[in-house]
Amino acid sequence: MAEDFQVLISGAGPVGLTLAMDLARRGVRVGMLERRKPGEPPSVKCNHVAARTMEAFRLLGVADAVRDAGLPADYPNDCVYRTTVTGPEITRIPIPSRAERGTAFAGPDTWWPTPEPPHRINQIYLEPVLFAHALKSCNVTIFSETELADLSQDDTGVHCIARDLPSGRTRELTARYLVGCDGARSLVRAAIGAKFAGDAVIQRVQSTYIRAPRLLGLIPGRPGWMNLSLNPRRCGNTIAIDGRETWLIHSYLYEHEEDFAALDRDASIRTVLGVGADFDYQVLGKEDWIGRRLVADTFRDRRVFICGDSAHIWVPYAGYGMNAGIADAMNLSWLLAAHLAGWAGERALDAYVAERGPITEQVSHFAMNHALAAMRHRREVPTEVEAPGEEGALARRRFGEAVYSLNVQQYCCGGLNFGYFYDRSPLIAYDGESHPGYTMAGFTESTVPGCRTPHFWLADGRSLHDVAGLGFTLLRFDARVDVSPLMDAALQRQMPLEVVDVSPQERPSAYREALVLSRPDFHVAWRGNALPSDVPSLVDRVRGA
Ligand SMILES: Cc1cc2nc3c(=O)[nH]c(=O)nc-3n(C[C@H](O)[C@H](O)[C@H](O)COP(=O)(O)OP(=O)(O)OC[C@H]3O[C@@H](n4cnc5c(N)ncnc54)[C@H](O)[C@@H]3O)c2cc1C
């Protein structure tokens, strides 16, 4: 007989694991299929865990374990632009190391309204932490070295064929819903007939993962987490992986260079690093990749959904591929769990595509436009940046100003974290006020329905995220307002709702109304100075009845 789950997830990458953990804490029984061995690290790719993702990890109880992993606590997180990794500095975006986070407040991301600032850690260290945490949940069963081979669905559920990779044997699994978190080559995306559309080629990059114990000692001054080389010969990015001796080097091809094989890997690496033939390094891995901007034309077919790279991929500017996928997961998770628990209707499931579709399209354009601007900078590096004396210093200063103002937006992308809003959701009670615009870096905190619920600290030092419940949270800024009709209507429909009373001293300026109804994913569902005349309709709207 087929093993049965409420939700099956194909792919235990960062997005699938986050989805599984959040569903599990909401009481959903989850089965996961993953081709890799238990805890086997992925290839060395993503390095930036956004603040919004760290907030999700805080809710899942894994933020501290993630923050304790990755670069050594005192390793600088700065993004440093030099002519070469070992050459003179052009500009620097200061980002506190994790040891400095509580004490350094001068950097461009140190004022952000969040209980969880961003964290720098490579995916090879991040994923085993998430995997170990997911395994601890009794609601999660992970089938490692097992791939999803086929699927079909009908009105009652999804039927899957899974293949055990070492033996080749197949097994049958069933679930009420299936989510494809199976990456850019997603079988699930193909199975639901969704198609990627967008820009197939933006940038070609030759990446090499190396061990080079001498490099750190050759870098002048404070090293960076990102060490970006800008010179007229070969530009690149050298990322600190273990903060001691391993590095990921991206050598950027110019637009006219279409053939990866024509690029001499070793010569490019030496140019990017600024080292001679006597410098020793060991190659640990090689990958040539094309930065694209592709978004699926739908993220759902009835009982089957796609999340993360299976739904969208783009050039890794702003480091927001995985982070956007984790935002998909945190959105879909509460909607699915609420529907399975019986208090949210079918419209709740429609909301996933209506909410996440437009956001991923927006982020994909932010990333692509930034990539195109950075490519222009690389084409236009002034030859004098490498000149000796005052001439070189002046050229580096001037170029450095332009480089800083462009790139601070991607390395401190506050807008992608806190600025986006859902403006066409069937679950949100809009009130006519326009949402404040946002850019990659810029955002305005707001309670316009659809925006992120503005974060604040309570007088006792707790974060809003620590006091909000698993369900809806009604923030009440005036204790005289009677909210019992809303509590009663929610209770009748078994919609979890808690009230948090906030004193005038704790109330941040973004909150104007006396009442703000915050969803389980910390987006505003409704606000007002008093309850509406038809409270049951409001409850039915926000739960998608
Ligand atoms: C150079 C580079 C740098 C990047 N930097 C960043 C960054 O700093 N920040 C950021 O947010 N993003 C970054 N990204 C993007 C990020 O790596 C991806 O967005 C992220 O890995 C997507 O996670 P995912 O879980 O959706 O998919 P994946 O990580 O691809 O995981 C999919 C999983 O599904 C499994 N799988 C596939 N098919 C099946 C099947 N049929 N059955 C069972 N299992 C299956 C795979 O084994 C895999 O484990 C970067 C990407 C690149 C290329």
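This is a predicted model: local features need pLDDT of at least 70, side-chain atom pairs count only at pLDDT 80 or more; totals for chains, interfaces and linings use all residues.

Reader: What is the phi of glutamate 145?

Author: The general idea comes before the case. Most residues other than glycine have a negative phi. Glutamate 145 is not a glycine, yet its phi is positive, about 50°.

Reader: Is glutamate 145 buried or partly exposed?

Author: Count its neighbours: being buried takes 20 or more other C-beta atoms within 10 Å. Glutamate 145 has 16 C-beta neighbours inside 10 Å, so it counts as partly exposed.

Reader: And where is phenylalanine 522 found?

Author: In the loop between β21 (515-518) and β22 (524-528). Phenylalanine 522 also has a positive phi, about 60°, without being a glycine. It counts as buried, because it has 20 C-beta neighbours inside 10 Å.

Reader: Helices next. How many residues of α1 are buried?

Author: Eleven of the twelve, so to speak a mostly covered helix. Among the buried ones are Pro14, Leu17, Met21 and Asp22. For length, the rule is 1.5 Å a residue: helix α1 (residues 14-25) should span 16 Å, and its end C-alpha atoms are 17 Å apart, which agrees. Just after α1, glycine 27 takes a positive phi of about 90°.

Reader: Which residues come nearest to the ligand?

Author: Gly11, Gly13, Gly183, Gly308 and Gly319, out of the 33 residues around it. The elements giving two or more residues to that shell are α1, β8 (146-153) and α8 (321-341). The largest share, four residues, comes from α8. By class, the shell holds 13 nonpolar, 13 polar and seven charged residues.

Reader: Last one: how far apart do the C-alpha centres of domain 1 and domain 2 lie?

Author: Start with the bounds. The domain assignment gives domain 1 as 3-69 + 122-193 + 293-355 and domain 2 as 421-545. Their C-alpha centres lie 27 Å apart. The contact takes 19 residues from domain 1 and 16 residues from domain 2.

Reader: Which element gives the most to the side of domain 1 that touches domain 2?

Author: That's α9, with six residues. On this side of domain 1, α2 (51-60), α8 and α9 (346-379) each supply at least two residues. The residues of that side divide into ten nonpolar, three polar and six charged.

Technical notes: Residues are numbered from 1 along each chain as its sequence is written. The expected span of a helix is 1.5 Å times one less than its number of residues. A residue is near a molecule or strand if its C-beta atom, placed from the backbone, lies within 6 Å of it. Ala, Val, Leu, Ile, Met, Phe, Trp, Tyr, Cys and Pro count as nonpolar, Asp, Glu, Lys and Arg as charged, and the others, Gly among them, as polar. Domain bounds come from an automatic or database domain assignment. Two residues are in contact if their C-beta atoms, placed from the backbone, lie within 7 Å.
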